[in-house]
Structures are given as C-alpha cells and as structure tokens.
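Work through each task before reading its solution.

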Amino acid sequence: MKPDRKSLKKISYAILAAFAAGFIFVWLINFAVKETGRGMTYGADAVPQKQAALVLGARVHEGGRLSDMFRDRVETAISLYEAGKVGKILVSGDHGRNNYDEVNAAKDYLLEKGVPAEDIFLDHAGFDTYDSVYRAGDVF
C-alpha cells in the first residue's frame, strides 16, 4: 500500500521538526559553553606569563607520529615558549605500556623544533586530565 499525500506531508513535517530541534539543541549547547568560558580563555598575545605550559597527552600513531590534536597542543606550547610566556614545558601523557609512549613522542617533537632538553619535563603518569593537572600542581 502506497502512503497517501497527507501522510507524506506529515512525515516531511516531522522530519523537518526533528532537524530544527536538533539544530537548536546544538546551538544552545554551543552558546552555553561559550558563555560559561567567557573570561576564562586567552588569545595567544594575552596569555599571562607563567612558569610552565602543561601539554595534555593525546593519541600517538605508529612510529611516534603525533595525532593532529596532540601536535596542535605541542605547537601551542612551543609558541608560548618562543614568545617568552612560559619558561618550561611539562608534557603529561600515557606511558603505561612499553609499546605506547605519548610523552617521549612529544619530547622528540619538541627537541626537533629547537626546545632545549633542560626546558622539557615529562610526566609519564598523566593517564587522564585530572591526574595530569593534579600532578602538575602537586608533584612538579
């Protein structure tokens, strides 16, 4: 049995309403996140001078190649270091297995980019953001 024109119209309106509701929901969440973070983020030129930059770990591919997200984090730390905003770089990440090492992959990248070894510190036990932030303040 073929749906009649009236049924197709109702289905079309239902689909359109679902898409509109989804769009509004995503827009509201984005707005809420932006408003909550207002005043708590900095542009690169407005970052206050600090002792160190904390680089949170992220995925490392075979051969020690940094994922795009991780490379972006490390590059941001390099920019802050080169601008004199930070004196040291603390890389925190997962090194809980012999065959997976986020922190040394980042260290190798930093060294390749000219950051001196004495200005790089490694936290091999930064298994999640909480651990990394806690250890940055209380251990390092």
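**Exercise 1.** The model is predicted. Find how far apart the closest N and O atoms of Asp-68 and Arg-71 are, and state where the two residues lie.

*Solution.* 
- Step 1: The closest N and O atoms of Asp-68 and Arg-71 are 2.8 Å apart.
- Step 2: A salt bridge requires a side-chain nitrogen of Lys or Arg within 4 Å of a carboxyl oxygen of Asp or Glu, and Asp-68 forms one with Arg-71.
- Step 3: Both residues belong to helix 2 (residues 68-82), where they are three residues apart, about one turn of the helix.
- Step 4: Asp-68 is exposed at 55% relative accessibility, while Arg-71 is partly exposed at 31%.

**Exercise 2.** Locate Lys-88 and Asp-119 in the chain, and classify Asp-119 as buried or exposed.

*Solution.* 
- Step 1: A salt bridge joins the side chains of Lys-88 and Asp-119, at 2.7 Å from N to O.
- Step 2: This pair links distant parts of the chain, 31 residues apart: Lys-88 is in strand 2 (residues 86-92), and Asp-119 is in the loop between helix 3 (102-112) and strand 3 (120-123).
- Step 3: Asp-119 has a relative accessible area of 10%. Buried means under 20%, so Asp-119 is buried.
- Step 4: Lys-88, at 29%, is partly exposed.

**Exercise 3.** Classify Glu-35 and Arg-38 by exposure.

*Solution.* 
- Step 1: The side chains of Glu-35 and Arg-38 form a salt bridge of 2.4 Å, N to O.
- Step 2: Glu-35 has a relative accessible area of 35% and is partly exposed.
- Step 3: Arg-38 reaches 58% and is exposed.
- Step 4: This pair is one of five salt bridges in the structure.

Definitions and conventions. Residues are numbered from 1 along each chain as its sequence is written. This is a predicted model: local features need pLDDT of at least 70, side-chain atom pairs count only at pLDDT 80 or more; totals for chains, interfaces and linings use all residues. Side-chain values use heavy atoms; hydrogens and water are left out. Buried means under 20% relative accessible area, exposed over 50%, partly exposed in between (1.4 Å probe, protein chains only). Helices (H or I, at least four residues) and strands (E, at least two) are DSSP runs, numbered from the N terminus.
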